[in-house]
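Biologist: I have not seen this structure before. Please take me through it one feature at a time, and tell me how to read each one.

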Amino acid sequence: MNAPLCRISGQAINRAIDFGIQPLGNGFLLPEFFSSEYFYPMEMGFCETSMMFQLIEQPAPEQMFHEHYAFYSSTSRYMEWHFAEFANQVKQSGYLAKVDPFVVELGCNDGIMLKNFASAGMRHLGIEPSRNVAAVANGNGVRTLSEFFSEAVAEKIVREEGQADAFLAANVMCHIPDMLGVVKGIRALLKPTGVVMFEDPYLGDVIEKTSYDQIYDEHVFLFSAHSVQYMFQLHGMELIDVLPQKTHGGSMRYVLAHAGAYPVSQAVTQLFVKEQELGLHKQSTFETFRRSIEQSRVDLVNLLRELKSQGKRIAGYGATSKSTTVLNYCGIGPDLIEFISDTTPIKQGKFTPGMHIPVKPYEVFQASPPDYAVLFAWNHAEEIMAKEKAFVEAGGRWIVHIPKVQVLG
Ligand code: JHZ
Ligand code: SAH
């Protein structure tokens, strides 16, 4: 068998962590589709040249992002606030032209960030291949093209609308396998003074917190400053700043520009040093990570089985993409978790990918609260716990698995 190759450097990847056969992270489905459900082998590998931690195989983009895409960004109040802040920071950054600046966002979903530019009357364009969420964005006055971003799409935008001052992306760059095509497209699309600002779950946080559930079909890469610098430098661009974020359990916002256009902030140099200390550039780190993941699985399954043997009712909170990895990797099905509560209409009445736990509207959780709720949306813990005080006061308990498996309270 030939060694798999890195999508960035073209060199051989070292196999690192095997999660076995997995379904699509957002493939919530009805029983009539159980027998034809799609599975693929989910295994992560590491390239010592590009320092990129990546899926060895990924399903085709069209299989994941289409007109029935199940993730709608505007389901969290905190994320609405976060993206309003992000937009404000871009507006005040000093990087935008004084006259008629143009902002492009990749993977704008339902318009959660771009609506803050649209409402200010600024020239903007979203690129969003999942047609159902793109339609919501367009309906909210956010001008959105429903396509997969590529070098060709970038060239078309330049021809029709000119170059951009800012190229933004949140939780989407790490989804795109043809990253070098994206980097080339960005280089063509950006003005000489333009900047790229994108954020994604940060590899350093994922390893420190054993948040292995950030690994699923959509996340083909987990970035570090090392790997981001490597891939952009291949095409004449460089990191000029890095800004840690607390969203999605610990993310990093990367700011990049054409090489030499702006000074490089000290934060970049400091993060490179920190990443060397954490070992994000070397294979052995992923061995340790794999052992922590295996331990987390043992701990979670033991806890749920123990509670179940005591006759307790357990439900899940948030039918996240992340939960697909946890449930399938740990082999947790409806025998342990009765249902998962979720506020997203398109997920309700369906079953979770692979393990087929029913997804129910939030009203079911309220009407019939379980003894224990596994917080699959652990990245939204602050927001959720603030509004679920009554659940705890009535004797309900949260189970979290990040950073370690435990019952809270
Ligand atoms: P949440 C998705 O990941 C997929 P997921 C994707 N790959 C990615 O990177 C991130 O988003 C950005 C529900 N909910 O944000 C709504 C409640 O029911 O953790 C969502 O279905 N009640 C693009 O799916 C889910 O939980 C609530 O009070 O892991 C949260 O999904 C809140 C706040 C959420 O992303
Ligand atoms: N930025 C939003 C949405 C993240 S979901 C947020 O942070 O909440 C990721 C989005 O990226 C999905 O809506 C998906 O359809 C989109 N996407 C996936 N591949 C893409 C590509 N090649 N070009 C543009 N968008 C893409």
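Biologist: Which residues of helix 5 meet helix 6?

Modeller: This is a predicted model. In it, Glu 151, Ala 154, Ile 157 and Val 158 of helix 5 are in contact with Gly 181, Lys 184, Gly 185, Ala 188 and Leu 189 of helix 6. Sorted by class, this contact has five nonpolar, two polar and two charged residues.

Biologist: How do I describe the way two such helices lie together?

Modeller: For a packed pair of helices, one gives the angle between the axes and the distance between them. Here, the axes of helix 5 (residues 151-161) and helix 6 (residues 179-189) come within 8 Å and cross at roughly 10 degrees. Angles under 35 degrees count as roughly parallel, so helix 5 is roughly parallel to helix 6.

Biologist: At what angle do the axes of helix 8 and helix 9 cross?

Modeller: The crossing angle of helix 8 (residues 225-233) and helix 9 (residues 266-278) is roughly 120 degrees, and their axes come within 9 Å. Helix 8 is therefore oblique to helix 9. On the helix 8 side, the residues in contact are Ala 225, His 226 and Gln 229; on the helix 9 side, they are Leu 271, Phe 272, Glu 275 and Gln 276. The classes in this contact are three nonpolar, three polar and one charged.

Biologist: Now the ligands. How many residues surround ligand 1, and which are the closest?

Modeller: The shell around ligand 1 holds 25 residues, and the closest are Glu 218, Lys 322, Asp 342, Lys 347 and Lys 387. By class, six of the shell residues are nonpolar, 13 polar and six charged.

Biologist: Which atoms should I look at next?

Modeller: Look at the N and O atoms. A nitrogen atom of ligand 1 lies 2.8 Å from an N or O atom in the side chain of His 175. Tyr 216 also has a polar side-chain atom 2.8 Å from a nitrogen atom of ligand 1. In the case of Lys 347, an N or O atom of the side chain is 2.7 Å from an oxygen atom of ligand 1.

Biologist: How much of ligand 1 does the protein bury?

Modeller: Ligand 1 exposes 730 Å² when taken alone, and the protein buries 96% of that. Helix 11 (321-330) and helix 13 (381-387) are the elements that give two or more residues to its shell. Helix 13 gives the most, with three residues.

Biologist: Which residues come nearest to ligand 2?

Modeller: Ser 73, Glu 128, Ser 130, Ala 170 and Asn 171 do, out of 19 residues around ligand 2. That shell has twelve nonpolar, five polar and two charged residues. An oxygen atom of ligand 2 is 2.5 Å from an N or O atom in the Glu 128 side chain. For the side chain of Asn 171, the distance from an N or O atom to an oxygen atom of ligand 2 is 2.8 Å. Gly 107 takes part through its backbone, where a polar atom is 3.0 Å from a nitrogen atom of ligand 2. Taken alone, ligand 2 exposes 570 Å², of which the protein buries 97%.

Biologist: What should I look for in the backbone?

Modeller: Most residues other than glycine have a negative phi, and most peptide bonds are trans. Asn 109 has a positive phi, near 55 degrees, and is found in the loop between strand 4 (102-106) and helix 3 (115-118). Ile 402 and Pro 403 are joined by a cis peptide bond, with omega about -5 degrees. Pro 403 sits in the loop between strand 16 (397-400) and strand 17 (406-407).

How values were computed:
Residues numbered from 1 in each chain as written. Chains lettered and ligands numbered in written order. Predicted model: local features only at pLDDT ≥ 70, side-chain atom pairs only at ≥ 80, totals over all residues. Heavy atoms only, no water. Near = heavy atom within 4 Å. Polar contact = N/O pair within 3.5 Å; in protein donor to acceptor, adjacent residues only side chain to side chain. Areas by Shrake-Rupley, 256 points an atom, 1.4 Å probe, with all protein chains shown as cover. Helix = DSSP H or I, 4+ residues; strand = E, 2+ residues; numbered from the N terminus. Nonpolar A, V, L, I, M, F, W, Y, C, P; charged D, E, K, R; others polar. Axes fitted to C-alpha atoms, helices over the stretch in contact; angles between N-to-C directions. Parallel < 35°, antiparallel > 145°, perpendicular 65-115°, else oblique. Contact = heavy atoms within 4.5 Å.
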